[in-house]
Every structure is written in C-alpha cells, then in structure tokens.
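Me: I've got a model open and I'd like to walk through it in plain words. Can we start with the local details and work outwards?

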Amino acid sequence: MRTLQELVRPNIWKLAPYSSARNEYSGHEAHVFLDANENPYNKPFNRYPDPLQQELKAELAKVKQVSAKNIFLGNGSDEAIDLVYRVFCNPKQDNVVAIEPTYGMYKVCADINDVEYRPVLLDDHYQMDAQKLLAACDKHTKAIWVCSPNNPSGNNLQQKEMEKLLNGFDGIVVVDEAYSDFSSAEVFRTKLQEYPNMIVLNTMSKAWGCAAIRLGMAFASEEIIDLFNKVKYPYNINLLTQRQALEALQSREDVEKWVTLLLQERGRLMNAFNELPLCEQVYPSDANFFLAKVSDAQAIYNYLVERGIIVRNRTRVQLCNNCLRVTIGTKGENTELLSALRQYPMK
C-alpha cells in the first residue's frame, strides 16, 4: 500500500482544520458557556452539538463491534462518499475505479469533484472480476468502489474477489455495506486491522428505519477517520439527529423484528413475481429489495404510477435493460403491488 501521505491530497495533508469552540474546551467540565456566541435562551437547541458525536459513537461501537475511534459519522453515507474524493483525489489528475452498475452517487461525487470515474462492468450474474478492476487502475487511481450487497442488483459480491482487491490494490478500497443487515454474509467492517487501506460504509437509513434523520457511517483506520474529521464541516450532525439515533440504538429488538419480517416478505414477493406473466427473471437478492427483468419496464412503471404505486425503473442502467427494482414494503403494500401487476394487460 502507498503511504497515507502519498494517497492524500497535499493541501489536505497540510490543512489546519477549523477549531470550533466546542473542540477547544473538550474534556473539561463546564456549566457557563460564553465562548461560541450562542443565544443563552431556548435550551437545549441554543447550543451547538458535539462536533465529534462522542456519545453516539460510543453506543454505535457496541452495536457495530468497531472501536469508536474508527467511526466517522456523516450527513448520510453521501457525506462520507464525497469526503473520499475531497481527501484523496486531486481534481483533473486522479481517478477512481468502480463496479458497474452500482450506486449512482459514487459517479456524481466524482463529477462534482472533477475526478475521472472508470466503471468496470459486472458479469451477467452481477459479479465482479477483481483482476478487471485492478487492470483499470493506473498510478493516478486513488480509490476503488464496491458495494455489497450491491445496488441495484441486490446480490452480495463474492468475498474472495473483494479480498483480491484489498490485497492487490495499493490505494483506498471503499466497501459500501448499506444493505448488510439484510444479508448473512460476513461484514468487512470487522476487518479494519487486516486491511488498513479499507473504508467501510454503513447507514441508519435501511434496516434501522431512520432514512429521515440522515445518518451515515464510515469505518476505517484511526488515521483515515482523523482526516475525515479534519475536512468535514464542524457541526455536520445536528442535535436532533444525534438524539434520535441514540433512541433508535436502544430499540435493537425492533430492528431485528423488522429485518425478519422484511426477509420473509422478500421471499414471498420474489416467488410471486416469478409467477407473473410480465416477469422474465427475478435476480437473487441479499438486500431489502430485488431486481426483476420484465417485458416492458417503462410501460409497467407508468401503469403502476397511475395506481399510486412507485417502484424504481432501472432500464437505463447498464446490464439492467427492462428491469424494475422493487423495495420490500409491508405485507399490505406488497400485496397491493402484486394485485395491480396481476391485472396488468399483457399485449
């Protein structure tokens, strides 16, 4: 692996981070706060939140089995995705490699940061060939993006191929595990010591049912986390988000129940889809959604929209021609979807 200093943009390596009022007094007991130009009224919302979210990270560490010092919290996973580019990639000079198809924000953030994005097609089973991704790299490749379970295909990537990437690439490998709570595969966030060049992403939006609070996670070496904290905005996670996340973490039994129900419904819905005349193929899924190839994705999508049922039309995505991505809803929602599709007028 290249040294971290070799991988990080020189200006970021030398950056003197903004020191907030809350950073400066951290570690000391205090009850009179006259340092941050805050209004003394309207408690507790008048005070800036903890810029490093220490209480929340301590609770997350217990749940995720990762040390708090190895956790970065962002405004959704998208903040962490953007920080990979801002920390490691020099605009107009460096590039990244990614599987294709996959989550679209990897490319959007590359375009925003003026970084070349090199997609490498998966095979017909939506599996990657590590050697092909490595072959797409050159001396200016700073990061490789993989998502497992992948979006929009829903399947786990083969662990051996992912390990080949981690062992064969001398830059940063980002493993997005947003949907890992719905999968039985071993998670990579527990292997940070083994792979110091790895960043693992996770989120409160999926299994935890907290998409509205916008809380994403990145797990990495302490050195990488320090770089993220140096570049992020000082108070990137607001008080309401921190409080709601702490409350959610006390209800793990609810999450386990939701995941069990969603997996049961996933099986029922996928089996039912296979029997629909309009369905040509249902692809394996390890997530809370599945991809299905249908006779006419655009026409079926429009038909469902007219009935107030929204799925995702992925037909314009590479390898997903005439495919719909269906998120698993409640039993009632799933039944309503199936009822509508059974009435679809086949030509």
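Me: Where is proline 101 found?
Reply: First, a word on the source: this is a predicted model, where local features need pLDDT of at least 70, side-chain atom pairs count only at pLDDT 80 or more, and totals for chains, interfaces and linings use all residues. Residues are numbered from 1 along each chain as its sequence is written, and side-chain values use heavy atoms, with hydrogens and water left out. Helices (DSSP H or I, at least four residues) and strands (E, at least two) are numbered from the N terminus. On that numbering, proline 101 sits in the loop between strand E2 (95–100) and helix H6 (105–112).

Me: What is omega for the peptide bond from glutamate 100 to proline 101?
Reply: This peptide bond is cis. Its omega is near 5 degrees.

Me: Is aspartate 114 buried, exposed or partly exposed, and at what relative accessible area?
Reply: Aspartate 114 is in the loop between H6 and strand E3 (116–121), and has a positive phi of about 60 degrees although it is not a glycine. Buried means under 20% relative accessible area, exposed over 50%, and partly exposed in between (1.4 Å probe, protein chains only). Aspartate 114 therefore counts as partly exposed, at 36%.

Me: Where does asparagine 322 lie?
Reply: Asparagine 322 is not a glycine, yet has a positive phi of about 60 degrees. Its place is the loop between strand E10 (312–313) and strand E11 (323–327).

Me: Which residues does asparagine 288 touch, leaving out those up to four places away in sequence?
Reply: Asparagine 288 is in the loop between strand E8 (279–282) and strand E9 (289–294), and counts as buried because its relative accessibility is 12%. Contact means heavy atoms within 4.5 Å. With residues up to four places away not counted, asparagine 288 touches Tyr179, Phe182, Val326, Thr327 and Ile328.

Me: What about serine 221: which residues is it in contact with, beyond four places in sequence?
Reply: Serine 221 is in the loop between strand E7 (215–219) and H9. At 16% relative accessible area, serine 221 is buried. Leaving aside neighbours within four places, serine 221 is in contact with Asn70 and Pro196.

Me: How do the axes of H5 and H9 cross?
Reply: Axes are lines fitted to C-alpha atoms, for helices over the stretch in contact, and angles run from 0 to 180 degrees between N-to-C directions. The axes of H5 (residues 76–88) and H9 (residues 222–231) come within 10 Å and cross at roughly 95 degrees. Under 35 degrees counts as roughly parallel, over 145 as roughly antiparallel, 65 to 115 as roughly perpendicular and the rest as oblique. So H5 is roughly perpendicular to H9.

Me: How far apart are the C-alpha atoms of glutamine 65 and arginine 189?
Reply: Glutamine 65 is in the loop between helix H4 (54–64) and strand E1 (71–75), and counts as exposed, with 65% relative accessibility. Along the chain, glutamine 65 and arginine 189 are 124 residues apart. Their C-alpha atoms are separated by 8.5 Å.

Me: Zooming out, how many helices and strands does the protein have?
Reply: Buried residues make up 53% of the 347 residues. The secondary structure comes to 13 helices and eleven strands.
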